[in-house]
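Student: I would like to learn how to read helix packing and nonpolar cores from a model, taking one feature at a time. Could we go through the structure below together?

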Amino acid sequence: MRKNIVAGNWKMNTNLEEGILLAKEINALVAKGINDPKTGVIIAPPFTHLHAINQVIDNDKICLASQNCATDEKGAFTGEVSVKILKSVGVKAVILGHSERRSYYGEVNETLLKKLNIVLENEMKPIFCCGEVLAEREASKHFKVVKEQIENVLFSLSAEVFKKVVIAYEPVWAIGTGKTASSEQAQEMHAFIRTLIAEKYGSEVALDITILYGGSCKASNAKELFSKPDVDGGLIGGASLVADEFMGIVNAF
Ligand code: PGA
């Protein structure tokens, strides 16, 4: 049966000292015990903090993730960080295709496909983001957009490899805006994504895939969102920067 996951995407926030402190606070709260011990906790701090944070967390209870990775394993790629480098500092999961990467850094399907393959080849977990912008939702194109994002990248994988992927549905209009998708809107899209997977890989695979919701998810609305049958947790931005708030979301299960 699929796992519930709450992942904190710190984005470009916290200096090193603040980041270590936040990681220590989350670690202490996780150590005290969480409501549903089967819920996976992931944190994705900035690149520069990963090594130090890996030393202060219990790696059996908190999975360290990066917010991005390079398309190649090594070489002359100034400013890039490869999965090999990330793996060497304890990173086990990589967020891919976040809408901020797609819109500000021009990440297209071809780039994401390369990153996806390199992450999987290195036995790390990809957290693949998809989601529509407001104009697309208003034009009722949201299902089509999400379908294309998933089909054009993830559906190139074999069923065996696809099973290792976590999907995060993040309606772009809800990211950092304080506007959350209603739990019905989230459920509707998550169920749609699961149906797409069932059609491609069969229902057994579809039932096993963790699908996270992202976009202004916080402790006060997580319970309602996570109560939906196809919402298996969250990818949390702003609310992951305060330990108590983040743990409130983890404990919403
Ligand atoms: P938010 O960000 O929780 O701040 O809306 C979500 C995300 O971008 O992952």
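Student: How are α1 and α12 oriented to each other?

Tutor: In this predicted model, the axes of helix α1 (residues 16-32) and helix α12 (residues 243-250) come within 9 Å and cross at roughly 40 degrees. Angles under 35 degrees would count as roughly parallel and 65 to 115 as roughly perpendicular, so α1 and α12 are oblique to each other. Their crossing is right-handed.

Student: Which residues in α1 and α12 meet?

Tutor: On the α1 side they are L22, E25, I26, L29 and V30, and these meet A243, D244, F246 and M247 in α12. The residues of this contact divide into seven nonpolar, no polar and two charged.

Student: Which residues have the most contacts inside the largest nonpolar core?

Tutor: The general idea is that, in soluble globular proteins, nonpolar side chains tend to be buried together. Here the largest nonpolar core has 67 residues, and those with the most contacts inside it are I26, I43, F162, I167, I193 and I197. Helix α9 (residues 183-201) supplies the largest share of this core, six residues. Apart from it lies another core, of 13 residues, including I5, A7, C129 and L212.

Student: Is V205 buried or exposed, and what does V205 touch?

Tutor: V205, placed in helix α10 (residues 203-208), counts as buried because its relative accessibility is 7%, where the cut-off for buried is under 20%. Leaving aside residues up to four places away in sequence, V205 touches F162, K163 and I197.

Definitions and conventions:
Residues are numbered from 1 along each chain as its sequence is written. This is a predicted model: local features need pLDDT of at least 70, side-chain atom pairs count only at pLDDT 80 or more; totals for chains, interfaces and linings use all residues. Side-chain values use heavy atoms; hydrogens and water are left out. Axes are lines fitted to C-alpha atoms, for helices over the stretch in contact, and angles run from 0 to 180 degrees between N-to-C directions. Helices (H or I, at least four residues) and strands (E, at least two) are DSSP runs, numbered from the N terminus. Angles under 35 degrees count as roughly parallel, over 145 as roughly antiparallel, 65 to 115 as roughly perpendicular and the rest as oblique. A crossing is left-handed if the near helix is turned anticlockwise from the far one by less than a right angle, and right-handed if clockwise. Contact means heavy atoms within 4.5 Å. Ala, Val, Leu, Ile, Met, Phe, Trp, Tyr, Cys and Pro count as nonpolar, Asp, Glu, Lys and Arg as charged, and the others, Gly among them, as polar. A nonpolar core is a set of buried Ala, Val, Leu, Ile, Met, Phe, Trp, Tyr and Cys residues joined through side-chain atoms within 4.5 Å. Buried means under 20% relative accessible area, exposed over 50%, partly exposed in between (1.4 Å probe, protein chains only).
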